[in-house]
Amino acid sequence: SMGVVFASELKAILKCGEVDRSISHAAIDDYMAYLWAPGPRTPFENIKKLSPGTMVNIRGRTIQRSIEYFKHEFVEPSLYSVAKSASAYRDVLRNAVAKQTNADVPVGALLSGGLDSSSIVATMKNIEPGRNIPCYSIQFDDSFQGEGAEDDLPFARRVAESLGCELR
């Protein structure tokens with residue numbers, strides 16, 4: 001009989017043959033509505049996610065307690081104007097991108113054409129306007145179109161073109 005199994009990914013837990021795979025109907029409802037399950041839910045009733053900044057104390061085969069060792073404190077939105085908030089966000093994004101792209105080898109980016117990847121590539125270009133940033137995207141063939149998968153390539157092309165980046 002098993003005690004506690006943990007892993008960074010659900011598929012690793014499922015490799016363990018003794019794990020109860022009873023379906024969580026509440027989590028399935030969440031996945032259908034939101035494309036993810038919030039909180040500790042997973043598609044399986046007896047497999048739970050650990051929240052960010054949290055650890056558990058395990059003794060024997062049971063979880064004794066859950067400890068939140070880090071919690072991000074959010075400032076009341078009314079304290080900042082939209083312009084000040086946008087400026088602060090730009091500074092944080094710029095610092096994070098600068099830190100992650102500081103390398104002695106060429107750095108590229110995955111570019112879907114969505115808000116997140118487009119913001120990162122635009123920030124990279126803003127930090128170093130003359131820098132060649134190779135961007136990579138995915139193109140689905142016709143067999144994926146019926147699966148509800150949207151092709152990122154048209155959006156990525158538009159962003160890459162407007163930023164003067166090479167798209168592969």
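Arg41 first: at 33% relative accessibility, Arg41 counts as partly exposed. Buried here is under 20% relative accessible area, exposed is over 50%, and partly exposed lies in between, with a 1.4 Å probe and protein chains only. This is a predicted model, where local features need pLDDT of at least 70, side-chain atom pairs count only at pLDDT 80 or more, and totals for chains, interfaces and linings use all residues. Residues are numbered from 1 along each chain as its sequence is written, and side-chain values use heavy atoms, with hydrogens and water left out.

Which residue pairs with Arg41 in a salt bridge? Asp30, with the closest N and O atoms 2.3 Å apart. A salt bridge means a side-chain nitrogen of Lys or Arg within 4 Å of a carboxyl oxygen of Asp or Glu. Asp30 sits in helix H2 (residues 25-34) and Arg41 in the loop between H2 and strand E1 (54-59), so the bridge ties together parts 11 residues apart in sequence. Helices (H or I, at least four residues) and strands (E, at least two) are DSSP runs, numbered from the N terminus. Asp30 is buried, at 10%.

The salt bridge count is four. Glu9 and Lys11 form one of them, at 3.5 Å between the closest N and O atoms. Glu9 is partly exposed at 42%; Lys11 is exposed at 60%. Arg168 and Glu166 form another, at 3.0 Å. Arg168 is partly exposed at 48%, and so is Glu166, at 34%.

Now the helices. The axes of H3 (residues 82-101) and H4 (residues 115-127) come within 9 Å and cross at roughly 80°. Axes are lines fitted to C-alpha atoms, for helices over the stretch in contact, with angles from 0 to 180 degrees between N-to-C directions. H3 is therefore roughly perpendicular to H4, a label covering 65 to 115 degrees. Contact means heavy atoms within 4.5 Å. On the H3 side, the residues include Leu93, Val97 and Thr101; on the H4 side, Ile120, Met124 and Ile127 are among them.

Last, the cores. A nonpolar core is a set of buried Ala, Val, Leu, Ile, Met, Phe, Trp, Tyr and Cys residues joined through side-chain atoms within 4.5 Å. The largest has 13 residues; Leu111, Val121, Met124, Ile133, Cys135 and Cys165 touch the most other members. H3, H4 and helix H6 (153-163) each give two or more residues to this core. H6 has the largest share, three residues. A second, separate core of five residues includes Ile13, Leu14, Phe44 and Ile47.

Terms used:
Parallel < 35°, antiparallel > 145°, perpendicular 65-115°, else oblique.
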